[in-house]
Amino acid sequence: MQVIGITGQTGAGKSTVCKMLCARGWAHIDADRVVKSLYTPRSPLLEKLQAAFGSRILTTSGEVDRAALAKAAFASPEATETLNRIVHPAVTEAVRGRLRALRAYRCRCRARKRAARAHFGARRTFRRRRAAAHPRPAFGSLVLCAVRRGHPQLPALYACRGDRKGVPAMKNRRKRIAAGKLAALILCFVLVIGSVVFLGGRAVFRAVFPLEYTMEVEAAADEYDVPRALLYAVLHTESGFDPNAESHAGALGIAQITPETFEWLQTRTDETLPTEALYEPETAIRYAAVFLDLLLTEFDGDIPTAVAAYHAGRGQVNNWLSDTRYSADGKTLDVIPTSATNHYVYKVQRAMRIYQNLYKEELDSNG
């Protein structure tokens, strides 16, 4: 059984690749869901985490408080290493258990194949045929059907090896099926191109890059003098406008702000809000605007440098600016040394240009 591991940064397209593989019959083991399944009350993993970080990571009902766990685990490199040392072995073993279950299921399918051979005899011809009344097994195997000459309950399109008349008929049928699939593919391509040309490509782009939470975005952008297109682009790139998004690095909410950054930003707004407020779109969008305003002010309004600091952190960007290999004037980045941050800045700038082209009238009042 073939096993493929898919990993990457947030927004790299992991979910899209997994959906494509699932559509072709592959099993999908989501590591995030595995972790959530291990965070059940009184589970061994949760007891180890409680022993390491204390009862503050649990709610009153005994379930894990993700925000509190993220705050405790990412408070220092040592705490992060402790979290990885506890969680990674448990997740690895759980994933291996699910792989063993899939392998066992596949072995049962092979056992049924051997039993069918013993029943029909060694000279019977076996053909792979997808069962019409049952779904295909999750890992892509096909149901095996035994075919013998003269069997009254099996279709006649499968020819036995000794039936020379049936072989050319089967080959011709396969050629017709292949030609039909090719014609259908060409037709679908023509229809897609026609719909884009005649129905308008802007409608397609508007569906991919929508204006979500317009009232909150406009209010925050106007209050802190941040370009609306930039704020929309950051929210689209960070979470796809998902208010419940969570990252492996502990970033939360629609704007993917970490609890530590949230606390630092509140020293600038003179507010005291709980970490759970990052799941509220209005609060998260407002603090994303606050953060972008501070970064644009610090980096003289240079958007690529400010966006790089949003992703990699102010301290890291300042270190790059002090290095002549990455910045000639010490104010703007000429080269972004890490591929993850470089790709993130590219995606935000691309999304910003698309928003400016698609919604020129809506964004004219702010830029």
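**Reading the helices of a predicted model**

Me: At what angle do helix 10 and helix 11 pack, and how far apart are their axes?

Reply: Helix 10 (residues 259–269) and helix 11 (residues 281–298) pack at about 75 degrees, and their axes are 10 Å apart. Helices (H or I, at least four residues) and strands (E, at least two) are DSSP runs numbered from the N terminus. Axes are lines fitted to C-alpha atoms, for helices over the stretch in contact, and angles run from 0 to 180 degrees between N-to-C directions. Under 35 degrees counts as roughly parallel, over 145 as roughly antiparallel, 65 to 115 as roughly perpendicular, and the rest as oblique. Helix 10 and helix 11 are therefore roughly perpendicular to each other.

Me: Which residues make that contact?

Reply: Contact means heavy atoms within 4.5 Å. Helix 10 contributes Thr261, Phe262, Trp264, Leu265, Gln266, Arg268 and Thr269, while helix 11 contributes Thr283, Tyr287, Val290, Phe291 and Leu294. By class, the residues in the contact of helix 10 with helix 11 are seven nonpolar, four polar and one charged. Here Ala, Val, Leu, Ile, Met, Phe, Trp, Tyr, Cys and Pro count as nonpolar, Asp, Glu, Lys and Arg as charged, and the others, Gly among them, as polar.

Me: What should I know about the origin of the model and its numbering?

Reply: This is a predicted model, in which local features need pLDDT of at least 70 and side-chain atom pairs count only at pLDDT 80 or more, whereas totals for chains, interfaces and linings use all residues. Residues are numbered from 1 along each chain as its sequence is written, and side-chain values use heavy atoms, with hydrogens and water left out.

Me: How do helix 12 and helix 13 cross?

Reply: Their axes come within 7 Å and cross at roughly 130 degrees. Helix 12 is therefore oblique to helix 13. Thr305, Ala308, Ala309 and Ala312 of helix 12 meet Arg314, Gln316, Val317, Trp320 and Leu321 of helix 13.

Me: Which residues of helix 12 are buried, and what covers them?

Reply: Buried means under 20% relative accessible area, exposed over 50%, and partly exposed in between (1.4 Å probe, protein chains only). In helix 12 (residues 303–312), Thr305, Ala306, Val307, Ala308, Ala309 and Tyr310 are buried. Their cover includes helix 9, helix 11, helix 13 (314–321) and helix 14 (339–358). After helix 12 comes Gly313, whose phi is positive, near 105 degrees.

Me: Is Asp270 buried or exposed, and where does Asp270 lie?

Reply: Asp270 counts as exposed because its relative accessibility is 72%. Asp270 lies in the loop between helix 10 and helix 11, and has a positive phi near 55 degrees, although Asp270 is not glycine. Asp300 likewise has a positive phi near 55 degrees, sits in the loop between helix 11 and helix 12, and is exposed at 57%.

Me: Which residues touch the most other members of the largest nonpolar core?

Reply: In soluble globular proteins, nonpolar side chains tend to be buried together. A nonpolar core is a set of buried Ala, Val, Leu, Ile, Met, Phe, Trp, Tyr and Cys residues joined through side-chain atoms within 4.5 Å. The largest has 55 residues, of which Leu230, Leu231 and Tyr310 touch the most other members. Helix 8 (214–224), helix 9, helix 10, helix 11, helix 12, helix 13 and helix 14 each supply at least two residues of this core. Helix 11 gives the most, with ten residues.
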